[in-house]
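Here is a short briefing on one structure.

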Amino acid sequence: SIRRQRQMCIRDRLKVCRTIGTLSPKHYEAALSVQGTLVQLLPASSTLAEHEINKLFKTCTLPTPLSTRDRLVLALLFGCGLQRSSITQLLIEDNNLSRQENYISSPLERIIYTPAGTHEALSNWLKIRGDGPGPLICPIRKGGKIQARSLTDQAILVIVRRRAAQAGLDRLRPLDLRATYMRNLLENGVEPHIVHQLAGLSSPQAALSYPPKKERAKRAAVHL
């Protein structure tokens, strides 16, 4: 593998340095003992501008069960940075509406905090769904009847694609909303180690895959 080839190349260079005397035996052994760091490699993603986010959410303004549920799905992706799989695992009994908190056990155990817009979308959905135990986000039949089971990952994808098409954002993916959430946190000065905890990433280094927009970052640096 490429990783193995790189390791062998580094070892060969270390041996040369030891042979010609630029690296002591002690430092040579220390260099060989260094362990690699596992960094989560994230898929390529795009981030959305504010006007694109506004267009997307305007597709979910009708007071219908379908529109209300879809608005909450978008809000959880954009406002909390959740993955599709995490949304499908949300349970009513893990929700603390008064404190705007929700417990998540996968992929990393954590508490998510819902911002005002997401909290409002959640409250509106619960008025329709009810507060009975079970999955938070449920399928809805054509007649508007809510089914007492969880949506699938694929269903979340279908919702995002349908709303994106209505907003004229045909290439939008759930991952792009999550990436926008993390980029916005970084742009507002949130430290990478906090971003990785909020988004459920494996390490702070993974959060750096979503750097702030260059021009905005440079403008902020000037005014420090």
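Just past α6 comes G130, with a positive phi of about 95 degrees. G168 follows α7, and its phi is positive too, near 75 degrees. The model is predicted.

**Helix α6**
- Helix α6 covers residues 116-129.

**Helix α7**
- Helix α7 has 14 residues and runs 20 Å from first C-alpha to last, close to the 20 Å expected at 1.5 Å a residue.
- I156, L157, I159, V160, R163 and A164 are buried in α7.
- Seen down the axis of α7, the buried residues fall within an arc of 160 degrees, so they line one face of the helix.
- The buried residues of α7 pack against α3, α4, α5 (84-88) and α8.

**Helix α3**
- Helix α3 spans residues 50-57, and its buried residues are I53, L56 and F57.
- They cover an arc of only 90 degrees around the axis, which puts them on the same side of α3.
- Their cover includes α4 (65-80), α7 (153-166) and α8 (174-187).

**Nonpolar cores**
- The largest nonpolar core has 33 residues, and L56, L76, L136 and I137 touch the most other members.
- Helices α3, α4, α6 and α7 are the elements that each give two or more residues to this core.
- The top contributor is α4, with 7 residues.
- A second, separate core has 8 residues, including M182, V195, L201 and A206.

**Around L136**
- Which residues does L136 contact, leaving aside neighbours within four places in sequence?
- They are L90, L91, I92, N102, L122, W125, L126 and R129.

**Aromatic rings**
- The structure holds 1 aromatic pair.
- R18 lies over the face of Y28, at 4.3 Å from the ring centre.

Notes. Residues numbered from 1 in each chain as written. Predicted model: local features only at pLDDT ≥ 70, side-chain atom pairs only at ≥ 80, totals over all residues. Heavy atoms only, no water. Buried < 20%, exposed > 50% of the residue type's maximum accessible area, 1.4 Å probe, protein only. Helix = DSSP H or I, 4+ residues; strand = E, 2+ residues; numbered from the N terminus. Arc of directions from axis to C-beta. Contact = heavy atoms within 4.5 Å. Core = buried A, V, L, I, M, F, W, Y, C linked by side-chain atoms within 4.5 Å. Phe/Tyr/Trp six-rings, centres within 6.5 Å; stacked < 30°, edge-to-face > 60°. Lys NZ or Arg CZ within 6 Å of the ring centre and 35° of its normal. Expected span 1.5 Å × (residues − 1).
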